[in-house]
Amino acid sequence: MLPYNSSCLSTEVSDFILNCFVRSPSWQHWLSLPLSILFLVAMGANAVLLITIQLEASLHEPMYYLLGLLSLLDIVLCLTVIPKVLAIFWFDLRSISFSACFLQMFIMNNFLPMESCTFLAMAYDRYVAICNPTIITDQFVAKAVLFILARNTFLTAPIPILSARLHYCGKNIIENCICANLSVSKLSCDNVALNKIYQLIVAWTLLGSDLVLIFISYILILRAILRLKAKGAAAKALSTCGSHFILILFFSTILLVFVFTHMAKKKVSPDIPILLNVLHHVIPAALNPIVYGVRTQEIKEGIRKLLRRVAERCK
């Protein structure tokens, strides 16, 4: 492991040190237990939801396939970020290899826009389900998944590639809990202007456009719901769409708070954006399956059947 050095040396860095909450080290103590609980809830709840969707035939519909994709993305994001953060909090294991750091960077930059794009596909699914249910088919879901994977991988892959190509020749202490692009690239001896500009453009292009289109979709959904004349149809549509909107609102709110606090870092503690970034990888993941499980009757019934099967096998 190379020690921290303020000068640019000829020796390349082989690993990094993640230095969490430099100005508020006590945060690690009171965050470790709640973060561990949130991680276990996120893993358990999403696993139950995925198994329920897989085993329950009545849930083999486009909306639930997209929900399953969202759960899968949540699981991957959580496993990429939170175990390492907890290893730092509990065991002070701050070292991360060069390759592991950039792999984590790739997954974070790729899967977060995938989540927002999945929310957009779900909003479109709800709008079409109200106006013309015959359009949304399994083939549409397959095409949507391919589009989500291709769009985000193609546009976000250059972020870790550009950072990995930089020369890290002395400084190896990352003042962050995770390998965020800007936190890592600023350790380089090279000019990182291209990295910053590209990440800013991609972030606003992907996440910004998704969030705008999502809220436009829900305005159209609300208009369509208000036109429903069948008895109880409007209430049922509002209940289903309400689950989506609650999660999207939380996802976008915590993301926007993170962005604005990062932009106003001179006015707030630098540890605040780091904290929000960590929480954004676990809180939505824990909430998504719980909100859908509580508010969606079909999922609740599917989970009951799954629990009955488990109970029967345990007898």
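The chain has eleven helices and three strands. Helices (H or I, at least four residues) and strands (E, at least two) are DSSP runs, numbered from the N terminus. This is a predicted model, in which local features need pLDDT of at least 70, side-chain atom pairs count only at pLDDT 80 or more, and totals for chains, interfaces and linings use all residues. Residues are numbered from 1 along each chain as its sequence is written, and side-chain values use heavy atoms, with hydrogens and water left out.

**Confidence**

- pLDDT is the predictor's confidence in each residue, from 0 to 100.
- Its average over the chain is 85. At least 70 is reached by 88% of the residues.
- Residues 1–10 stay under 50 in pLDDT. For this stretch the model has 24 contacts beyond four places in sequence.

**Overall build**

- The order of elements along the sequence is β-α-α-β-α-α-α-β-α-α-α-α-α-α.
- The chain has 315 residues, and 48% of them count as buried. Buried means under 20% relative accessible area, exposed over 50%, and partly exposed in between (1.4 Å probe, protein chains only).
- Contact means heavy atoms within 4.5 Å. Among the contacts with a separation of 6 or more, 80% link residues 24 or more positions apart.

- Three strands form an open sheet in the order 2-1-3, with mixed pairing. Strand 2 (95–97) and strand 3 (173–174) are the edge strands, and each pairs on one side only.
- Two strands pair if DSSP finds at least two bridges between them.
- Strand 1 (residues 15–18) runs antiparallel to strand 2, and three bridges join them. Asp 15 has Ser 97 of strand 2 as its bridge partner.
- Strand 1 runs parallel to strand 3, with two bridges between them. Here Ile 17 has Ile 173 of strand 3 as its bridge partner.
- Asp 15 and Ile 17 point one way from strand 1, while Phe 16 and Leu 18 point the other way. All four are buried.
- Helix 3 (residues 98–131) lies across strand 1, strand 2 and strand 3. Its angle to strand 2 is about 85°. Axes are lines fitted to C-alpha atoms, for helices over the stretch in contact, and angles run from 0 to 180 degrees between N-to-C directions.

**Salt bridges**

- The whole structure holds six salt bridges. A salt bridge is a side-chain nitrogen of Lys or Arg within 4 Å of a carboxyl oxygen of Asp or Glu.
- Asp 125 and Arg 126 form one of them, with the closest N and O atoms 2.8 Å apart. Both residues are buried.
- Arg 151 and Asp 210 form another, with the closest N and O atoms 2.9 Å apart. Arg 151 lies in helix 4 (residues 138–156) and Asp 210 in helix 7 (residues 193–226), so the pair ties together parts that are 59 residues apart in sequence.
- Asp 210 is buried at 1% relative accessible area. Arg 151 also counts as buried, at 15% relative accessibility.
- Glu 301 and Arg 304 meet in a salt bridge too (3.2 Å, N to O). Both lie in helix 11 (residues 297–314), three residues apart, about one turn of the helix.
- Arg 304 is partly exposed at 38% relative accessibility. Glu 301 is partly exposed as well, with a relative accessible area of 29%.
- Glu 301, Arg 304 and Arg 308 belong to one network, joined by salt bridges that share partners.

**Asn 181**

- Asn 181 is found in helix 6 (residues 181–185).
- Asn 181 is buried, with a relative accessible area of 3%.
- Beyond its neighbours within four places in sequence, Asn 181 is in contact with Met 105, Ile 159, Ser 163, Asn 195 and Gln 199.
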